[in-house]
Amino acid sequence: MHEKHLLSITLLGVLTGILLGVFLRNFNLSDDFKLAVGFPGEIFMQILKLMILPLIFSSLISSLGQMNAKGSGKMGFLAVLYYMTTMIIASTIAVMFVFLIHPGDPKVKNRLIPNTKDNSDLTAFDALLDLLRNMFPQNIVEATIKRSQTTIKFSKKHVEKSEGTNILGIIVFCTIFGMIISKLGQKARIIVDFFIILDKVVMRFVSFLMWFSPFGIISLISSSILDIDDLAKMLSTMALYVTTIMICLFVHCVLAIPTLYFLLTRKNPWNIAKSMVQPFVTALGTASR
């Protein structure tokens with residue numbers, strides 16, 4: 001019942017944020033007032049992002065550490081394989097619909113930057129190498145803020161560190177760490193207990209934070225609408241782009257993932273789909289920032 005209430009007020013938060021943003025556009029608001037409108041959402045997003053890494057570390061290590069050596073090895077392999085598979089599926093769906101719908105004008109880029117090579121010259125092999133590099137980061141602390149990415153400069157390929165969390169590398173590290181803990185048995189019990197308690201603390205924190213998500217979503221959406229100079233022009237310009245994104249999300253979340261779940265487990269994916277509604281709505285609201 002609590003989850004149904006949370007979903008309802010989150011949906012209400014999305015709608016309220018849109019209506020509030022459109023309403024406030026009728027007034028000549030100062031920049032400070034606009035910042036004040038978006039400030040609660042900014043704090044909400046910072047806390048939400050703050051919990052990502054503790055959630056990954058605690059949940060993966062505590063789960064794998066409690067299994068026997070054989071079970072943790074299998075589960076760890078499946079976790080990494082599932083993450084890579086869903087990432088490849090999502091990328092394939094996105095590329096397919098971008099080519100079908102083509103929500104943009106590539107001539108604009110050519111007019112702005114004539115006769116220069118850019119990252120569009122990168123190949124699938126470069127992306128594969130980046131994927132493998134990110135699986136095994138050289139520094140786990142650095143992986144929390146940077147990831148490897150191949151770029152082209154002066155007609156040559158270079159591997160650089162770009163801004164962004166290397167989620168894949170962290171997952172691989174936590175998986176291996178949890179597998180090794182499970183093999184140590186009782187010797188590592190104190191570490192397992194630590195991550196079990198940490199997982200409970202983080203989940204309690206996230207559950208508590210989610211009850212404030214409607215207020216953060218209202219702030220984020222209304223602030224984003226206020227920052228748009230010409231709302232009608234933006235909507236008309238971005239309509240095809242937004243349509244493409246929504247189609248990709250629908251195919252991935254409603255068709256691809258449930259199908260993959262059914263093929264792997266032979267179980268009805270509807271129960272999993274229902275549990276994904278709340279994260280989807282939250283992501284929809286927070287992605288406005």
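Me: How many disulfides does the count come to?
Reply: The count comes to 0 disulfides, where a disulfide is a pair of cysteine sulfur atoms within 2.5 Å. Keep in mind that this is a predicted model: local features need pLDDT of at least 70, side-chain atom pairs count only at pLDDT 80 or more, and totals for chains, interfaces and linings use all residues. Residues are numbered from 1 along each chain as its sequence is written, and side-chain values use heavy atoms, with hydrogens and water left out.

Me: Ok. Is Cys174 buried or exposed?
Reply: Cys174 counts as buried, because its relative accessibility is 0%. The cut-offs are under 20% relative accessible area for buried, over 50% for exposed and partly exposed in between (1.4 Å probe, protein chains only). Cys248 has 12% relative accessibility, so Cys248 counts as buried too.

Me: Which residues have the most contacts inside the largest nonpolar core?
Reply: Those are Ile56, Val80, Met84, Met135, Leu168 and Cys174, in a core of 18 residues. A nonpolar core here is a set of buried Ala, Val, Leu, Ile, Met, Phe, Trp, Tyr and Cys residues joined through side-chain atoms within 4.5 Å.

Me: And which elements give two or more residues to it?
Reply: Helices H3 (52-65), H4 (69-101), H6 (124-135), H7 (167-184) and H8 (189-210). H7 gives the most, with 6 residues. Helices (H or I, at least four residues) and strands (E, at least two) are DSSP runs, numbered from the N terminus.

Me: What does Val80 touch?
Reply: Leaving aside neighbours within four places in sequence, Val80 is in contact with Met135, Ile171, Val172 and Thr175. Contact means heavy atoms within 4.5 Å.

Me: Switching to H2 and H3: how do their axes cross?
Reply: The axes of H2 (residues 31-50) and H3 come within 4 Å and cross at roughly 25°. The two helices are therefore roughly parallel, a label for angles under 35 degrees. Axes are lines fitted to C-alpha atoms, for helices over the stretch in contact, and angles run from 0 to 180 degrees between N-to-C directions.

Me: Which residues meet there?
Reply: Leu48, Lys49 and Leu50 in H2 meet Ile52, Leu53 and Pro54 in H3.

Me: Last one: how far apart are Met203 and Pro54?
Reply: They are 149 residues apart in sequence and 9.7 Å apart in space, C-alpha to C-alpha. Met203 lies in H8 and, at 39% relative accessibility, counts as partly exposed.

Methods: Angles under 35 degrees count as roughly parallel, over 145 as roughly antiparallel, 65 to 115 as roughly perpendicular and the rest as oblique.
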